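Please keep the viewer open as you read.

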Amino acid sequence: MSTDIASLLHQRTGPLTRELLLEPGGFGLGRVPTVRKPDAVTTTVCGYCSTGCSLDVHLQNGQAVSLTPTSAYPVNLGMACPKGWEALTVLGAEDRATKPLLRNASGRLEPVDWSTALETFVSRFRRIQTQHGNESVAFLSTGQIPTEEMALLGTLAKFGMGMVHGDGNTRQCMATSVVAYKQAFGFDAPPYTYADFEESDAIILVGSNLCIAHPILWERIARNHRNPEIVVIDPRMTETAMQSTQHLPLYPKSDLALFYGIARILIENGWIDRDYIEAHTNGFKAYAEYVQKYTLDVVARETRLEPQAIERLARTIHERERVSFWWTMGVNQSYQGVRTAQAIINLALMTGNIGRPGTGANSITGQCNAMGSRLFSNTASLLGGRDFANEAHRNSVAEILGIDVRQIPTHAGFTYPEIMEGILRGKIKGLWVICTNPAHSWINQKQCHDILDRLDFLVVQDMYHSTETARRAHLVLPAAAWGEKEGTLINSERRIGVVKKVSRAPGQALSDFSIFRLVAEAWGCGKMFARWDSPAAVFEIMKELSRGMPCDFSGIEDYRMIEQQGGIQWPYARVEGLGSRVEGQAGNKEGLLNDSASPRASSLSLGPGPSSLDPSLFPRQERRLFEDGRYYHADGRARFLSEDPRPLSEAPSEKYPFILLTGRGSASQWHTQTRTKKSAVLRRLYPEHPYVEVNPVDAQKLGLGPQSWVTVESQRGRLRARVFLTHAVKQGQVFVPMHYEAANQLTDAVFDPYSKQPSYKACAVRLEP
Amino acid sequence: MTTSLLERLLADQQDLSAVERFAQAHENGSIPAQAKHYQRLLPTSLPAVGQQYAFEVDLDRCSGCKACVTACHSLNGLDDTETWRDVGLLIGGTATKPVMQHVTTACHHCLEPACMTACPVNAYEKNPLTGIVKHLDDQCFGCQYCVLACPYDVPKYHSGKGIVRKCDMCSDRLSAGEAPACVQSCPNEAIAIRIVDIRQVIEDSEAAVFLPAAPEPQITHPTTTYKTNRVFPRNLLPADYHSVNPQQPHWPLIVMLVLTQLSVGAFIVGGILDLFLEGPSQSAFRPVQTIGALAFGLLALGASVFHLGRPQYAFRAVLGLRHSWLSREIVSFGGFAAAACLFAAVALKSDCSTQLLRVLGGAVALLGVAGVFCSIMIYVFTQREFWSFGQTATKFVLTSAVLGIAATWITLWLIGTDSNSGSSRELMDRAGRDLARALIAAAAMKLAFEVIFLRHLLGHRHAPLKRSALLMRGALSNQMLARLTCGALGGVVMPLMLLQPLDGADADVRVRQGAIVGLLFLACLAGELLERYIFFAAVAAPRMPGALRT
């Protein structure tokens with residue numbers, strides 16, 4: 001009794017305390033909130049960026065209740081960025097699409113059943129195709145869904161529904177690297193493994209703000225114990241630049257001249273690897289001659305850098321034993337991105353900094369499955385990284401899929417910007433958008449809206465009915481999200497990882513895989529996909545499609561093996577007859593390579609299957625390409641490629657005196673924020689409204705105070721933003737994060753001529769108080 | 001065909017058994033797999049005497065990813081919007097050497113936790129061994145005084161639960177050898193738990209070695225160590241330095257403060273007037289004034305209960321009497337109310353002894369003054385400049401004066417209506433004149449005091465008082481304007497009108513006088529409520545450097 005009264009007066013524990021009680025979670029998790037103690041745990045790969053972190057999903061009765069990063073996974077070592085930590089939260093948002101929505105006579109989207117949705121889908125697209133030809137219906141896919149779904153979509157759309165044009169939002173992030181690698185190496189093959197971050201002596205980051213864009217890759221740099229030189233080449237003083245030992249704040253888009261100038265210094269001083277160049281490359285002589293004109297004076301003028309800084313970088317490349325070059329969107333999203341990426345590749349090639357630990361010319365990808373899209377979306381390249389124009393490639397795909405080769409188009413079709421232009425010109429009347437949000441993300445947004453509004457029939461398949469694009473659709477198909485479906489993703493370092501269904505999709509939302517199957521049935525081409533009845537079955541088909549290609553992963557038994565191995569990087573081939581596996585590709589069936597160049601077996605593992613294999617025979621967890629110096633061109637050599645730099649596509653003028661830089665604002669925001677803005681915690685981690693970084697000197701001239709509102713205006717549009725005064729941006733430049741919807745009202749629709757990737761990073765604007 | 005496939009796929013979509021097809025890679029391991037990554041970030045022994053656990057943040061390793069915030073949220077099972085850790089940003093430097101420094105921050109587990117001292121119900125405990133400052137959720141009654149007292153904005157009020165919650169350094173995890181959520185989730189190993197010497201913490205606090213642009217460490221002696229090899233430029237400022245946002249106004253507190261001060265003021269003004277009265281005027285005046293003052297006092301105490309997240313535990317407030325000004329305020333006003341009730345009961349008896357009433361009245365006044373003093377000290381304790389003793393005491397005391405006089409005017413008018421005796425009218429004329437002059441003096445002084453505060457707008461530094469002034473001119477300008485209008489109307493214009501002789505028939509004069517007195521009171525009351533609203537909303541709360549806000 002007295003204790004009761006005492007505790008009434010001073011209550012040390014009780015129901016409120018118990019709400020936050022922790023207890024050992026088991027499964028190697030450590031303490032977890034008691035209310036979320038799991039009865040089972042499974043792993044899945046994160047569905048945001050290309051880092052490809054593994055997450056332990058805590059389950060109660062099969063349903064995910066929480067997650068923690070996987071401690072043992074070779075990618076993230078038990079860490080995740082805020083997006084990953086909050087990945088489950090955004091599944092429960094109120095604006096999830098739960099039923100198909102069809103625009104009715106009065107112009108409103110109203111719920112319909114799946115049968116009506118599918119009938120409408122088929123009849124409207126068929127009618128357009130009948131009236132305007134097969135080319136009049138196109139699709140826009142994504143880098144955010146599993147490879148199996150991409151393969152099914154690409155195959156269904158192009159071989160089943162007769163579409164000719166289809167592309168993905170990967171055009172916005174990776175196309176430049178794809179083309180650069182294809183031209184230089186003979187195949188789209190990022191050569192590195194993440195261990196290279198830890199094993200490098202000099203890490204040169206170009207247009208890459210890892211701390212914000214890929215925090216878990218920055219983690220790997222932070223764990224480099226070789227006291228590396230960290231060089232950041234970026235007009236802005238980013239978080240990553242802050243952590244660098246050398247920051248080169250060059251003039252926007254002057255990077256091409258910089259790398260040519262660095263090459264000249266290296267060549268002039270004999271700081272190059274002649275043996276490597278001789279044995280493994282083509283075109284060096286011409287390149288060496290070409291770069292002669294990029295003298296220090298010229299480069300210093302173009303880049304507006306101190307000559308000493310340029311020389312210091314060249315010396316660093318020379319002096320350090322293992323130099324790795326890394327680039328992201330600062331290079332890719334440029335009107336001369338391909339040549340810039342290749343100028344970086346050239347530096348790695350001429351110094352022999354490739355194929356060794358801690359080296360490489362390494363493109364860091366954007367989306368979680370951009371790499372899967374590059375191989376299997378069946379858009380720019382034919383399934384398995386093949387070429388639509390190559391008859392042998394078409395034949396082998398037809399054979400593997402058991403279809404008539406005539407169903408395979410003989411060219412790749414339009415790229416994303418060409419599709420947009422096709423709509424503008426009335427060539428394309430119907431569009432199927434899957435898991436992407438062009439109405440927010442496409443360059444020159446007002447024009448994009450105008451283009452989308454011209455469509456006779458726009459279908460948007462998305463997990464939310466509220467995206468800027470879904471709101472413009474005639475038909476919205478409700479999709480299950482990451483975490484509600486299965487398949488595999490391929491990360492930046494070519495690692496295949498498994499995603500799993502750990503949560504129930506709301507209402508009648510279906511996985512994209514199921515939606516594609518229903519469309520195939522409704523379209524009348526269901527028979528073609530008889531074998532494609534589950535993601536696992538499609539994985540088997542993809543293994544077949546990969547066989548003999550550089551990306552060969554036919555040695556992977558199944559999803560379980562991927563999970564057990566902590567993800568498996570391609571290549572990992574199975575050699576027929578022997579039952580053995582090769583950490584390389586198996587054979588060379590389709591003439592992509594000459595005989596001398598294959599297979600590239602770094603080590604062999606023999607045995608009938610993974611379950612009975614000696615663990616030491618499993619693939620090594622971190623593997624890089626080109627250890628033998630042989631590339632995928634027919635002659636086995638890499639190529640030096642170059643071209644004159646061009647001036648800024650929209651130089652600052654008297655009327656628009658500032659260069660607008662765009663990029664990621666925080667690690668808690670993802671792209672158009674359809675997902676990340678659904679987490680209350682993530683919302684607390686970034687500014688709610690748009691802001692613009694302005695140099696204090698410019699601000700003073702314009703009379704702009706800190707936190708004041710300003711209109712940022714380009715020839716195409718305007719946005720209101722708060723002024724954030726910082727020396728991080730140079731005078732004459734401003735920065736706006738891309739996540740805010742209005743940012744792309746400003747950007748200018750200019751593209752790289754080879755990759756067709758939009759040049760988001762620099763256009764001219766003015767500031768009006 | 002399609003329909004059956006559709007049904008099958010819809011059913012499949014809801015089937016979560018697929019996961020079971022995979023091996024559950026994890027064994028039923030009780031040793032956390034993550035331990036190998038965080039082991040070196042934890043102390044290897046318990047703190048000795050004169051030591052305690054503390055966060056250590058390596059600023060050179062904090063890259064601003066904010067994973068710690070989400071991990072803390074998730075691993076501690078916090079509610080949707082709840083976070084116990086924040087990441088701020090310091091910016092500065094020059095054109096050639098710009099600086100951008102992210103700063104992760106949570107509870108500093110201070111040596112002198114202001115939250116603990118402030119808490120009226122002893123819901124905070126500082127563990128004598130580990131030094132961890134832990135909040136007892138079930139003991140908390142949701143007064144939020146700790147939220148105001150902590151210079152680092154650490155305790156977070158959870159309105160749904162009616163309590164505050166905060167970081168406890170994951171003490172459960174630490175005691176089991178596991179790392180706190182933030183420590184185990186930082187990709188760059190920027191957060192560690194270390195053992196610090198209490199003497200060293202005090203020395204560092206004295207020398208203000210804590211973190212640039214953070215609140216001064218002398219107040220609470222925060223134990224977190226921010227280490228760096230960089231030399232920070234002198235112009236380092238928080239990214240949110242220039243963002244000025246009104247704070248929560250706390251309406252129940254506004255009403256409570258203003259009405260308690262009214263009540264105390266009315267008792268005192270009434271008591272003074274009482275001294276000069278005699279006979280029928282006294283017997284007419286005393287009960288009305290007393291009941292009026294008492295009613296407002298009780299109303300105030302009623303309003304204060306609405307401020308508590310869990311008012312059913314209000315009685316626990318006695319626990320903190322030895323250290324908490326809030327406890328003292330509650331007890332003082334409780335005593336004031338009780339004494340005032342007694343006083344009223346005695347005063348209403350026709351044959352009460354004047355001697356007894358004088359003693360009782362003195363006690364009421366004394367307890368009331370003590371209560372108001374405690375009210376003042378509650379805010380002074382927070383060390384916010386806008387709530388300094390000078391600012392707070394001037395406002396609270398003058399509120400007592402203004403509203404005490406205004407309320408007395410009502411009494412005078414009421415008894416004038418009740419009895420048509422000449423003495424009442426004479427009382428109104430004589431005392432009324434003095435009261436009107438006193439009111440004008442008090443109100444004018446108060447208004448001048450508040451207007452003069454706007455001089456801080458001229459300050460070059462974006463100091464706390466300038467922030468308050470900026471808010472009064474900006475986001476709170478409407479409230480400010482209304483406050484000054486009401487104050488001038490009720491405190492100056494209306495009393496001036498009362499000083500003018502009113503011509504006409506008696507009854508007519510009474511009505512007009514009533515209208516003036518009523519308006520005077522209401523305007524004064526509204527003005528004081530608005531002043532108190534601004535008192536809360538315009539305060540610049542100290543906090544750790546914040547991130548950019550838009």
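In this predicted model, S141(A) sits across from G168(A), a residue of strand β9(A). Strand β8 of chain A covers residues 137-141 and is joined to β9(A) by four bridges, with the two strands running parallel. In general, strands of a sheet pair through backbone hydrogen bonds, in either a parallel or an antiparallel way.

Which order do the strands of the sheet follow? In chain A it is β7-β6-β18-β17-β16-β8-β9, seven strands in an open sheet with mixed pairing. At the edges stand β7 (109-111) and β9 (165-168) of chain A; each has a single partner strand, so one side of each is left without a neighbour in the sheet. From one strand to the next, the twist averages 15°.

Now let us step back to the whole chain. Chain A holds 28 helices and 31 strands. Its radius of gyration is 26 Å, close to the 27 Å that the globule rule gives for 769 residues, so chain A is as compact as a globular protein of that length.

A few overall values for the chain are gathered here.

| Property of chain A | Value |
|---|---|
| Span of the C-alpha trace along its principal axes | about 80 × 70 × 65 Å |
| Share of the 769 residues that count as buried | 65% |
| Share of contacts with a separation of 6 or more that join residues 24 or more positions apart | 72% |

Conventions. Residues are numbered from 1 along each chain as its sequence is written. Chains are lettered from A and ligands numbered from 1 in the order in which they are written. This is a predicted model: local features need pLDDT of at least 70, side-chain atom pairs count only at pLDDT 80 or more; totals for chains, interfaces and linings use all residues. The radius of gyration is taken over C-alpha atoms; the globule rule is 2.2 Å times the number of residues to the power 0.38. A residue is buried if 20 or more other C-beta atoms lie within 10 Å of its own, exposed if 12 or fewer, and partly exposed in between; C-beta atoms are placed from the backbone. Two residues are in contact if their C-beta atoms, placed from the backbone, lie within 7 Å. Two strands pair if DSSP finds at least two bridges between them. Axes are lines fitted to C-alpha atoms, for helices over the stretch in contact, and angles run from 0 to 180 degrees between N-to-C directions.
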